[in-house]
Amino acid sequence: MIRKIVAFIVFLAAFQWAFGQSRELINFNADWRFVLADDLKFRHADFDDNSWKSVTLPHDWSIGFDFGEEYPAGNAGGALPGGTGWYRKSFSLNEQDRGKDVVLHFGGAYRYTEVWINGVYLGKHINGYLSFEHDLTKHLHFGSKENVVAVRVDNSLQPNSRWYTGSGIYRDVRLEKRNPSHLLRSEIFITTPEVAVGKSTVRVQSMIKGQGAQAVLKLVDAEGKVVAQKNITATKGTFDETLEISQAKLWAPENPNLYQLEIALLNKNNKVVDELSYKVGFRNFRFDEEKGFFLNDQPLKLLGVCLHHDLGALGAAFNKSAAKRQLLIMKDMGVNAIRTAHNPPAEEFLDLCDELGFLVQNEAYDMWAKRKNKFDYHIDFKEHYIDDLIRFVKRDRNHPSVFMWSIGNEIREQFDDTGIAFARNMTEVVKQVDPTRPVTAALTETNYEKNFIAQAGTLDVLGFNYKYFDYDKLPIQFKGVPLIASETTSALQTRGVYDNLHDTIQLWPASSKDKYVVNGNADFSVSAYDNVAAYWGTSHERAWLEVKKRDFLGGIFVWTGIDYLGEPVPYPYPARSSYYGIVDLAGLPKDVYYMYQSEWADKDVLHLLPHWNWNKGETVDVWCYYNKADEVELFLNGRSLGRATKNADQLHAAWKVPFEAGELKVVKYQNGTATQEVVKRTTGKATQLAVKVEHERYAVGDQTDLYFVTVDLRDEKGEPVPNQDITLTFAGDSNSRILGTDNGFQADLSSLSRPTRKTHKGLAVAYVAKHDVTKGATLTIKSVLGEQKVVLK
């Protein structure tokens, strides 16, 4: 009888939840007005902003310009303007909202951001990469009188970064209505202290604002089944409780199993007054100084890439669908880890990493008190770095994907004793806020006596950038500390460009004495053969081989997974985006992508390069990346040119082939049996467009879902044409708009926001959005080859 009464009470409580008024989260991205100008009169509630541009957030005003040499950010900053802009938005609140706490949450704005509500100044935010919020409650109108929020974003101090930052409110904004009694999101800390086959636990620590004293914790599996539940009483506005389950499905890159933790705060009438939910992944991890990294008690090599925050043609304006595309392209390559170089990412990016299965090294700073640029974060560092670090860790510590904190990248305090105090201070702060994850930094000094950050003795793992030739001395110089290759490679490539090979890796520029390459390519391209690197780097093959052969290195983070805006080593302007990526800025893989895929992914790989459109008398270097085979054989117009293999020091097969028009074919063999073949053919002039639309795989289920339209030039036989380029114009209908276009070429100076783009090596990509996702749309592509319509379902 007692059990029935208890069960009824639990049921009644759950039933009553539906009648409580919980936290209301409102997407606040639409219906803003923007002007790229600066006047303090813009802050006043009664200012007339009808002449301003209507924009939807996230918004990056810099990306809409053509690239230019005159901008003070320089080509290292993306050759785009900064400046100061203002945003304004009007909104109404019901009388029922009176008495609630109303908070405006910004996912991020670059750079200095000031906020007013109804003419009242709320404060200034300093860090351009961190989320922040302002409490509007005391200054609001309810009923018929509208409220006006005004935001000033100042990115006028240039240069302030080594790469493109974007400008404006470039991440999501939401309005939160909270009951006076509510959970303090920043004080909620979720961990999995015990992860085992028989028993796993979730620990939930929280603080509560107001009078709520009762709470319910629920853990729900992927099928919607409640696997653990607990009713608790908060003592003095806090609680620290544990849920236990058996046979937990573990989170790992290959199987990112997630549970949902629901936290409900109840009032004395047993009605929900606040509720938050979090994704929970059961996993454990550790580093070993000799054996590397372990996940869920199994050795795992971290196969990682570094990623900057921009999204190519979208600039810094965050779009979850575009970010998902980037991550899945990396996933297909075999990547299992991401380093957020060199600043905190969007919150939604980490949501994707949780869901898709990426281990994240989450990085805080690119500099401390010593500058890398005249106006970078060093001018604010000493005043704000501790508060920013605390907010950063508290914001991201509940993501199962985050497995390591990095407090800095190539920090200049590494070379003097100020690095000791800063490193100790920051590590202590991180450990106070999150004692469950290791702390690292990306270092360059491989001599212990010269590395003052390492001498601080507080980092759990030491990351080292480049200098693969010093790897073997690291365990001797830095005894007893686990090691990772936190940044490697810095190889340079332009997709689809194939210069004659040299016997050695070409260093562009050759040394620190040269700002730019001497005698580079006149068209600002770099060969896509893996044989050009910046002077501090090396080829992709060499960098990976040196990490692969050493168990004590827990893993690799390649610089970089995808090209990014700015930092266009090795060239001056008009180069305006990086050459480092394994994938180009448009999201199109370079050839070396398939080297990594052959090494890192469980896929059948056979990739032949280059194209087969050459001139009579030329001798062509032919390469093949492959896996799951003993050898590969090359055929030219049916004649065998011999079999070849890769080896311990070379991850591709290679031939030198006198060009002859026709068909080049490679066949791979396993145990003497042909298992796969790939063909390249000499092609004629382009006569048609092949169009590929990608949407469903990259959709996230909301209004921001994009269509990625790749156009490929083809000849009359339908073969790709890699050596001819034409101009394409993309036009949407009444239900679609072109957000941007790109071709991946690092020195194309036309704005990426334009609907017109010349192909590069036969390819171009358009980013398209619908106004109404429930309805269809038609995209028209115009060129000298005619007009082609594409239906977007």
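Over residues 700-783 of this predicted model, the chain is 0% helix and 46% strand, and the end C-alpha atoms are 32 Å apart. Strands here are DSSP runs of E with at least two residues, helices are runs of H or I with at least four residues, and both are numbered from the N terminus. Residues are numbered from 1 along each chain as its sequence is written, and side-chain values use heavy atoms, with hydrogens and water left out. Because the model is predicted, local features need pLDDT of at least 70 and side-chain atom pairs count only at pLDDT 80 or more, while totals for chains, interfaces and linings use all residues.

## Annotated spans

The span 700-783 carries the UniProt annotation "domain: Glycoside hydrolase family", which comes from an unreviewed entry. UniProt also lists, in an unreviewed entry, "domain: Glycosyl hydrolases family 2 sugar binding" for residues 82-177, and that span is 0% helix and 47% strand, with its end C-alpha atoms 34 Å apart. A further annotation from an unreviewed UniProt entry, "domain: DUF4982", covers residues 617-674; this stretch is 0% helix and 62% strand, and its end C-alpha atoms lie 31 Å apart. UniProt positions are given in the numbering used here, feature names are shortened, and annotations may be inferred rather than shown by experiment.

## Buried residues and their surroundings

Helix α9, residues 593-600, is largely enclosed by the rest of the structure, because 6 of its 8 residues are buried, where buried means under 20% relative accessible area, exposed means over 50%, and partly exposed lies in between (1.4 Å probe, protein chains only). The buried residues of α9 are Tyr593, Met595, Tyr596, Gln597, Ser598 and Trp600. They pack against several elements, among them the helices α2 (320-333) and α8 (540-548) and the strands β24 (302-307) and β35 (619-626), with contact taken as heavy atoms within 4.5 Å.

Val360 belongs to strand β26, residues 359-363, and is buried, with a relative accessible area of 0%. Leaving aside residues up to four places away in sequence, Val360 touches Ile338, Thr340, Leu350, Cys353, Ser401, Val402, Phe403 and Met404. The C-alpha atoms of Val360 and Val305 are separated by 10.0 Å, although the two residues are 55 residues apart along the chain.

Val202 sits in strand β13, residues 200-209, and is likewise buried, at a relative accessible area of 1%. When residues up to four places away in sequence are not counted, the residues touched by Val202 include Ile190, Leu219, Leu243, Val280 and Phe282.

Gln158, by contrast, is found in a loop, the one between β9 (147-155) and β10 (173-178), yet Gln158 too is buried, with a relative accessible area of 14%. A polar atom of the Gln158 side chain lies 3.0 Å from the backbone oxygen of Asn155. Not counting residues up to four places away in sequence, Gln158 touches Pro72, Ala73, Gly82 and Phe375.

## Charged pairs

Side chains of opposite charge can pair when their charged atoms come close. The structure holds 56 salt bridges, each being a side-chain nitrogen of Lys or Arg within 4 Å of a carboxyl oxygen of Asp or Glu. Three of these pairs are set out below.

| Salt bridge | N to O distance |
|---|---|
| Lys199 and Glu194 | 3.5 Å |
| Lys372 and Asp366 | 3.2 Å |
| Arg437 and Asp434 | 2.8 Å |

The surroundings of these residues can be described in turn. Lys199 is partly exposed, with a relative accessible area of 31%, and Glu194 is partly exposed at 32%. Lys372 counts as buried at 15% relative accessibility, and Asp366 is buried at 2%, while both Arg437 and Asp434 are buried. Beyond such pairs, Arg23, Glu133, Arg174, Glu176, Arg178, Arg185 and Asp274 are linked in a network of salt bridges.

## A nonpolar surface patch

Ile505, Leu507, Tyr535 and Trp536 form a nonpolar patch on the surface, with about 310 Å² of accessible area together. Patches are made of residues with over 30% relative accessible area and no salt bridge, like charges being joined within 9 Å and nonpolar side chains (Val, Leu, Ile, Met, Phe, Trp, Tyr) within 5 Å; accessible areas come from the Shrake-Rupley method with a 1.4 Å probe, and for residues only the protein chains shown count as cover.

Technical notes
A polar contact is a pair of N or O atoms within 3.5 Å; within protein, one must be able to donate a hydrogen and the other to accept it, and residues adjacent in sequence count only if both atoms are side-chain atoms.
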